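Reader: Please take me through some features of a model, and tell me how each term is defined before you use it.

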Amino acid sequence: MALAKLNVKTGDTVVVISGKDKGKQGKIQKAFPAVGKIVVEGVAMVKKHQKPRGQGMPGGIIEKEAAIPACKVMIVCPSCKKATRIAHKFIEQEGKKPSKVRVCKKCGATLEK
């Protein structure tokens, strides 16, 4: 079974487009490309019963983020501040081979840092 490539990376700001957290924005903390899921800060909060595993470690019920499917989020363009799809573009560099970068479909700004 061929897996789809993720269009988002760790550190990208995204907005949730469907589900119980629709409209929430957050940064991607972790990405799991093999299963097509991501963890976004402040989204899909679940309660977990945790035992204290060492001295000074808290036990009890903690809240943490759960993984959500990557297809349920859209990246937020840093320049136009809108949720957008991603286009890919090759940028020519002197003395090097062209590099592939992600580009905003709405304003054309580069999404790479």
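The turns below cover the sheet, the core, a hairpin, the backbone angles and the pocket.

Reader: What should I know about the source of the values?

Author: This is a predicted model, in which local features need pLDDT of at least 70 and side-chain atom pairs count only at pLDDT 80 or more, while totals for chains, interfaces and linings use all residues. Residues are numbered from 1 along each chain as its sequence is written, and side-chain values use heavy atoms, with hydrogens and water left out.

Reader: How are strands and their pairing assigned, and what is the order of the open sheet of six strands?

Author: Helices (H or I, at least four residues) and strands (E, at least two) are DSSP runs, numbered from the N terminus. Two strands pair if DSSP finds at least two bridges between them. Here the open sheet has the order β6-β3-β2-β1-β7-β8, with antiparallel pairing. Its edge strands, β6 (68-69) and β8 (83-84), each pair on one side only. Strand β3 (residues 37-40) is joined to β6 by two bridges, and the two run antiparallel. Ile38 faces Ile68 of β6.

Reader: Which residues have the most contacts inside the largest nonpolar core?

Author: A nonpolar core is a set of buried Ala, Val, Leu, Ile, Met, Phe, Trp, Tyr and Cys residues joined through side-chain atoms within 4.5 Å. Buried means under 20% relative accessible area, exposed over 50%, and partly exposed in between (1.4 Å probe, protein chains only). The largest core has 17 residues, and Ile38, Val40 and Ile68 have the most contacts inside it. Two or more residues come from each of β1 (13-16), β3 and β7.

Reader: What is Ile68 in contact with, beyond its neighbours within four places in sequence?

Author: Contact means heavy atoms within 4.5 Å. With those neighbours left aside, the contacts of Ile68 include Val16, Ile38, Val40, Ala44 and Val73.

Reader: Where do strands β9 and β10 come in, and how many bridges do they share?

Author: Strands β9 (residues 86-93) and β10 (residues 96-104) pair in the antiparallel sense over seven bridges. Ile86 has Cys104 in β10 as its bridge partner. The hairpin has two residues between the strands, and Gly95 takes a positive phi near 75° there. Lys89 is in β9 and counts as partly exposed because its relative accessibility is 47%. Beyond residues up to four places away in sequence, Lys89 touches Ser99, Lys100, Val101 and Val103.

Reader: Which residues other than glycine have a positive phi, and are they buried or exposed?

Author: Most residues other than glycine have a negative phi. Ala44 has a positive phi near 60° and lies in the loop between β3 and β4 (45-50). Ala44 is buried, because its relative accessible area is 9%. Lys81 has a positive phi of about 55° and belongs to the loop between β7 and β8. Lys81 is exposed, with a relative accessible area of 62%.

Reader: What lines the largest pocket?

Author: Rolling a probe the size of a water molecule over the atoms shows where empty space is left. On a 1 Å grid over the protein atoms alone, a pocket is an open set of points where a 1.4 Å probe fits, with protein on both sides within 12 Å along at least five of seven lines; lining residues have an atom within 4 Å of a point. The lining has 18 residues, of which Lys5, Leu6, Asn7, Ala70 and Cys71 lie nearest the centre of the pocket. Strand β7 (residues 73-76) gives the largest share of the lining, three residues.
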